[in-house]
Amino acid sequence: MFSYIMRRILYTIPVVWGVVTAVFILVNVVPGDPAMILMGQRGDPETLVKIRQDLGIDLPLHKQYINFMTQLIKGDLGTSYRTNEKVSTAIMGRLGATARLALWALILGTVIGVAAGIVSAVKQYSVFDYSAMIIAIAGVSAPVFWVGLLLLLIFAYGLGWLPGAGYGDGSWRYLILPVITLGVRPGALTARLTRSCMLEVLNQDYIRTAKAKGLSGNVVVMKHALKNAMIPVVTIVGTQIASLLSGAVLTETIFAWPGVGRLSVEALVARDFPMIRGTVIFMALIFLFANLIVDISYGLFDPRIRYD
């Protein structure tokens, strides 16, 4: 198992380098001059040149890349053009709010999705099965921003039951609408995949043998069927972490949630290149780390995978 984990970690290293390089190139081709934004409309050409020199954006692209990689190896993501704050410090300051939102959305989507998928598979072609799958299809199809705006319209502005925006005092009332908005799509995907995997497993010969031995339905479903259906489900749950982070950009903007997603939007509007690079690299590394954990979990669920 140790050698399997080390192989997966080594495979991740060139991917990380490729992602960081791609982020650097894409950010630098974004239209807009951060020096012009910082200078304002009343500056002069000499001031503009001085600001570009101070920011280091007057250098050729390859020199900027070398400087950027050198800083990154040291763990330095740079300093924000807009606030003069360390990018890593700004991200860490917003990480708690995003982690709280994404974690609860992941828990909500996984628990409801797995439970609905299992019941739908066990009660195939029942009223519950049809209803759950219709709701799941709607959840997959609905854009995050549409779900958020709809929930705001009904529960915040229409009924007035819940606050419409902000973090407030951090109480659960401010968390409900953003969590539901962010958890709808992962829950719908998990429910559909769990149902299809469970149906495939429930039709296997060893399940019929277990039933023929007189084992109860719950034991057959939870002990024999669910474990063997979990690898695809673990895959989708792991990759949903990236979806939650990307979806958090829209969700945090809609609900004025002070997280990393909203920070990236603010940085993009201000053409704050170090902050844009830092937030995008952070999200990309979270995605790669989630995939690594998923790969390792494969080896735990199915020992044969360790020797492939």
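Visitor: Is glutamate 266 buried, partly exposed or exposed?

Guide: Burial is read from relative accessible area: buried means under 20%, exposed over 50%, and partly exposed in between (1.4 Å probe, protein chains only). Glutamate 266 is partly exposed, with a relative accessible area of 26%. The model is predicted, so local features need pLDDT of at least 70 and side-chain atom pairs count only at pLDDT 80 or more, while totals for chains, interfaces and linings use all residues. Residues are numbered from 1 along each chain as its sequence is written, and side-chain values use heavy atoms, with hydrogens and water left out.

Visitor: With which residue does arginine 94 meet in a salt bridge?

Guide: Side chains of opposite charge can pair when their charged atoms come close. A salt bridge is a side-chain nitrogen of Lys or Arg within 4 Å of a carboxyl oxygen of Asp or Glu. Arginine 94 meets glutamate 266 in this way, at 3.3 Å from N to O. Arginine 94 lies in helix H5 and glutamate 266 in helix H11 (residues 260-269), so the pair ties together parts that are 172 residues apart in sequence. Helices here are DSSP runs (H or I, at least four residues), numbered from the N terminus.

Visitor: Which residues are linked in a network of salt bridges?

Guide: The network links Arg94, Arg262 and Glu266. Glutamate 266 also meets arginine 262 in a salt bridge, at 3.7 Å from N to O. Both of these residues lie in helix H11, four residues apart, about one turn of the helix.

Notes. Helix = DSSP H or I, 4+ residues; strand = E, 2+ residues; numbered from the N terminus.
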